[in-house]
Structure formats: structure tokens, C-alpha cells
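User: Hi! Could you walk me through this model, one question at a time?

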Amino acid sequence: MSDLIRVMYVEDEPDIRAVAKLALEVVGGMTVSLCERGNLAVSQAERFLPQMILLDVMMPGMDGPSTLKALREHPQLHKVPVAFMTAKVQAHEIERFKSLGAVGVIPKPFDPMTLAQQVKDLWRLTEEES
Amino acid sequence: MNLNEQLQAIQDEYLKKLPGILDQISVLARELQQTAPNRDRLITLGQELHKLAGSAGTFGLTVLSERAAELNQNLDSILSSKAAEGGPGNEALQLKDALDSLSLFAKTGPSPNANLPLGAGATPATINKLLLDQIWLLEGEPQLGATLMAHLESFNFSARLFTRLSELASAFAEEQPQILLLDLSSEDENPSTDYVSQCQFFQNTSSRVIFISSKGDFAARLEAASLGAQAYFVKPLDVPKLINRIEQVVANMHAPAEKVLIIDDDEMLAQYYQQVLIGAGMQAEILARPEKVISVLESNTPDVILMDLQMPGISGQNLAAVIRQYARWVGLPIVYLSAEHDPHLQLLALKQGADDFLVKPITNEHLVTVVKSKVARSRQLIDLMTKDSLTSLLKHAAIKDALRRELGLARRKKEELCVAMMDIDHFKQVNDQFGHAMGDEVIASVATLLRMRLRRTDVLGRYGGEEFVVIMCNCGSNEAFKVLDDFRQRFQELKFSVEGKVFSATISIGIAPIKPTMEIDADMLLVAADKALYQAKSQGRNRVILQKAETAAN
């Protein structure tokens, strides 16, 4: 099993981006590539080649679910596990996200001290399944 | 800036923007009241609340976050219940007051109960604890347990003591430390003990395991190895060696990614290998033009070269031979990657100074494993060559080389730099009174404490006997003084014990700072630091003396 190092985070709120990057890099020891818009995510992921992608659900323009769809259609990126990060949602929405192909949902607000562990746990889950 | 300060800075930015966000929500709410209820507006409002719920909580505004989430859910249920009837009804209007009250929650500021270090509830101590490397110790003997805990804590590990394996195992289900330090001797007394089943809980986790045992025989060591032990210590314990080993294991966990240089004229294939290696967490660069290899080695300093055997105009063997002409790259691992199946030709290629031969096609796993193990081995060898065995700090010659390099770098980047020289006070007396083994322990403790207290970018060396050199890059003199004086005080507080006698030691430190504009070479700088150290000694020892920058140059 390989370690999770390269993570891409797509999120439109700059402060949340900054805090998540800090949490994943400093606490979690990962390398994080940030992306502020869904429509830029695919080309950025092509270059960065993340092991896992985190998507905000509600973004102006291309939202999280549509970004996921675009990633799924990409020949090199379709296998990269994707998790949504979103404020408290109802159970049926979590089911909907999973049916779109997301490996899980990380709830917001997140605690910067434990975010990296949550992400790694999801990653481990996908590694075990594959 | 440490993590907490960085988080604080981001939080401050957010708090500045928050009034604007709340105003926007109020405006949306007011419009809802004044105009006919409008579905699109309600959806926009819901989205704003959703975002607020997510971000406010992350910055410690728990109450505001919860209120926003609640209001968003109310809004959702209004939307879904009224959707069929063509628009929301009066309930929407009741939301308005609730929405206006949001700003009240915001004014209360970050909640002290927030489970976030930013909140007032978290003290610097708890934050630091989160950043320290976590060690769990299983030790059934109360006395040894207490001694080890004291040592671990004085070396800045966050340590937790367990006396029974079963308790440790159940805590492990909740949370995993970086290091498990397990003494299974007390479990030994029970003849039915089955380690293999008892130790299942940490198999395949990222925690590293070190065993302590009363048995030192081959069978016991083999069993520990099969359970994934990274190290094995036999009682009675050599505590400094144990701490040193823990440090090494932790350092390995934090080791930088392996840097690979791929030399191949087949661009597609090179890019494929690059992706495979990056996917395994390494850094990989491609060089398509072999004649540039030396300058690329200088700038990239890879850990390993992966090269094709046949390239247009140049063979891999000859390229390897050129690389080996440079003394600096004699130890750099070179691995061929080629479709050459003839064992005779493969051997011939290896004779020219390469380390391994991989035959294409190769599975990704094979490639990754070979590259990783070559790098690990070569890093170990480099450590052995350049590092002092007692302290794992750079040896005399290596620290001088490092100083020359860092000095050049500081000048190019126009950064300040400080060099400190330090010497344990009255070290001869420590040796005479408590023996050489104890002297070694004191020396090793200086090294470990330095690693704990200084930044990872600082370069540390053992200059000779009880003398140390520290290079603090991009660091002004005041900052260096603060850090080293803090180190000096902490060192003085360390307690050493030998045969029931407890003693402590002190250290004197001289610092020579330079400004990027100063014309000074490494030797002069060391002399300046040594002068400052001499002053510290002659003024009564156990102190830090800062040489003025101008004086250092003269």
C-alpha cells in the first residue's frame, strides 16, 4: 500500500483553501495543489497527477458534481479517487454523491488538526477496495 | 511562522471578510421580505448559508456555523414542501429575523469550546502536543516506565504510557501514534502468550514499532522482525542509544521524497515512468539530452539515475563512465532500464559503474521497489560516510563543506546566516566522575536536543569531542540568539543519572552572524564563532555570546 502524498483540492473560498492546504501539508505531510474553479480542475490534475482529489460541492460555475463527472470522463484521471467536502448534508445527498462515484464525503466545518487523518482514512478505504 | 501562527493569520483574514458575508445574507433576507417570495433567491440564500456553515466552523465560530446550518435546513424544507405549490409561503418570511440574528452570533467571536486550536480554549501546550511526534510506550515495570517517559518527554516527544498490551491495543483502535515502543517482557511471564496474535492490531498501519525485550537470542529477534519491528533493544537498556534510534526512525518517516532523474530519449516512455514514480510519492525529472547531465546533476542533486542503455549518439555505459569521472557523483546509484536481454551485455554494462539492470518491460511495482530501495541504501551509506556514529550529526569535514555550500547559497539568495560554535562546560569532569559511557550520553543528548529545538533547515555538526557547530540559514542574529539561549537553558535542565547519582551539565555557545554583503569565507566565520565561544567560556560559561557582524568580518 502506498502512502497518500499528492492531493488536489478544488475550492472557491480562498481562506478555506489556505487552511486546508496548511492542515494537509503541515499536519499531514502531504503535497497539496490548490485549484479555485471546477473548470480548471481537469487540466490542473493532468499536470499535477494527484493520488486523490477533494472537491467542494457548491462552487460558482462548474460545481463539484459536474467537476467529478468531467474527471470521470478523462482517460488518465478517471481512476483517481474523489471525495466531496461539504457542509452538513442529509443522508440521501451523501448517497447521491457516492452514486456519482465519490469515495466519500468529508464534512465541513473541518478541524485542521484532524483533516489530514480523515483524508488518509478515506484513501486507505479506496486502497483496500482496489 | 509555526502552524498555529499561520492558522491564526488565515483566521484573521476570514474574520475581516465575515461582516461582508453576513451583510450579503442580510440583504438577501431583506429582499425576500420586501419583494414577492422568489424561489431563485431562496436557493441563493441557501447556498450562502451552506457556505457559511462550512467555513465559520473551520475558523472556530462553532455557534455561528451551527445556526447557519440549521437555517439552511429550514430553508430547504420550506423549498421542498412548497415546491409543488409554485413558491414558498409565509414561513420564509419568519426566517428573516433568524437571519438577521446571525450577525449577533458572529460578534461573539470564535467559541472557546471550539475543537480548534485557534479558539481561546486551546493553550499553546496542547497545540504543540498535536505537532510533536507521538510515542506510545508499553512498559510493565513502573520504574523503567517512569524513567523512559521522563527521557522521551525531555526530548520533546509526546509520550503516553501503558502497562498492559490489551489497553494499548484498544486505545490503538481510536488513534495511532507514529511510534510504538513495546516492552513485552512482562507478558513473557504468561507462558500462553502468543505475540503474533496479540500484535495483529498494529500490522499494516503506518505506526513504526520498536521492541524492548529481556531476551536477546536470535529466535526472539526473528519473531520481532516478523512482526515488523524497526529496531530491537535488549535490557538493561542503553537509553541514549534507544532515543537516538527513535530519532532515526522518526527522521526516516519525515525523509524527503526520493528524487529520480530519468535519462531516456524515448519521451513517451520516460513520461510514463515519471508518472509511475510520482504516483509512488517520489519526485522525477526527465532529461532527454544526455550531454546536459552534469549540469542537471549539479542543480537537481537526484538520489538515483534511471537511464536507457541505448540512446542516439551515446551509450548508457559511456554516459555512466562520464558521471563517474566526477568524484562527487561516484556514489550516485545508476540503474539501467533497457530491453537488452543478453546477460553478457547486461554484465558488461554493469561493469562500467552502474548499480543495477532492469529489463523492459517492467511492472510498475518492480520499478518502484527497486528505485526506493536503491535510494534508501544510498542514503544510509551517505549517512555513514558523513555522519558521526554517536550523534548522527555531520562530521568535522562534512560540516565545513556544508558551511561553504550554505554560505554561497546565502550570498546568492541575499539572506542572513549565523554560525554557532558550542562546547560542553567542564566535560572532562563529567568523564572523570561518571565515566566515558556517561560522557557519551551527554554528548548524544546535546545532538538530540539540538535536533529537537532547531529548524529542519539548520545544519548540525559534531566538530570534535564535545564541540558542536550549528549553521542557521536565513536567520538573523537576534533570532539565533533567542533559539540558542533557549536551547542552552533546556540543556541545563536535562537530568542525567548514573548509579543513583543525578547530575546536569551546561554548555557555552558563541555565535557569528553574517550579512549577505559581507566578504567572509567559511574558515574566517568559524574562527569568529570560536572567538565568541572563547568569550562565553571566559565570562563564566553556561552562556551565549553573540559576535557583532562587523567584528566577525575582521
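User: Glad to have it open. In strands S1 and S3 of chain A, which pair over four bridges, what is the sense of the pairing?
Analyst: Happy to start there. This is a predicted model, where local features need pLDDT of at least 70, side-chain atom pairs count only at pLDDT 80 or more, and totals for chains, interfaces and linings use all residues. Residues are numbered from 1 along each chain as its sequence is written, chains are lettered from A and ligands numbered from 1 in the order in which they are written, and side-chain values use heavy atoms, with hydrogens and water left out. Strand S1 (residues 6-10) of chain A and S3(A) are joined by four bridges, and the sense is parallel.

User: How do you decide what a strand is, and which residue of S3(A) is the bridge partner of Tyr9(A)?
Analyst: Helices (H or I, at least four residues) and strands (E, at least two) are DSSP runs, numbered from the N terminus. Two strands pair if DSSP finds at least two bridges between them. The partner of Tyr9(A) in S3(A) is Leu54(A).

User: Is S3(A) mostly covered or uncovered, and how many of its residues are buried?
Analyst: Buried means under 20% relative accessible area, exposed over 50%, and partly exposed in between (1.4 Å probe, protein chains only). Met52(A), Leu54(A) and Asp56(A) point one way from S3(A), Ile53(A) and Leu55(A) point the other way, and all are buried. Strand S3 (residues 52-56) of chain A is thus mostly covered, the buried count being five of five.

User: Which residue of S4(A) is the bridge partner of Leu55(A)?
Analyst: S3(A) is also joined to strand S4 (residues 82-87) of chain A, in parallel, by four bridges. Within S4(A), Leu55(A) has as its partner Phe84(A).

User: Moving to chain B, which residue stands opposite Ile212(B) in S5(B)?
Analyst: Strand S4 (residues 208-213) of chain B has five of its six residues buried. Five bridges join S4(B) to strand S3 (residues 179-183) of chain B, running parallel, and there Leu182(B) is partnered with Phe211(B). Strand S5 (residues 229-234) of chain B also runs parallel to S4(B), with five bridges. Opposite Ile212(B) stands Phe233(B).

User: Which strands stand at the edges of the open five-stranded sheet in chain B?
Analyst: The order of this parallel sheet is S7-S6-S8-S11-S12. Two of these strands have a single partner strand each, so one side of each is left without a neighbour in the sheet: S7 (283-287) and S12 (356-359) of chain B.

User: How many degrees does that sheet twist, on average, from one strand to the next?
Analyst: Axes are lines fitted to C-alpha atoms, for helices over the stretch in contact, and angles run from 0 to 180 degrees between N-to-C directions. From each strand to the next, the twist averages 20 degrees.

User: At about what angle to S6(B) does helix H13 of chain B run?
Analyst: Strand S6 (residues 259-263) of chain B is joined to S7(B) by five bridges, including the pairing of Lys259(B) with Gln283(B). Helix H13 (residues 293-300) of chain B lies across S6, S7 and strand S8 (304-308), and its angle to S6(B) is about 165 degrees.

User: Last one: which residue of chain B joins a salt-bridge network with residues of chain A?
Analyst: Over all chains, the count comes to 31 salt bridges. One network links Glu11(A), Asp12(A), Asp56(A) and Lys108(A) with Lys51(B).

Technical notes: Salt bridge = Lys/Arg side-chain N within 4 Å of Asp/Glu carboxyl O. Contact = heavy atoms within 4.5 Å.
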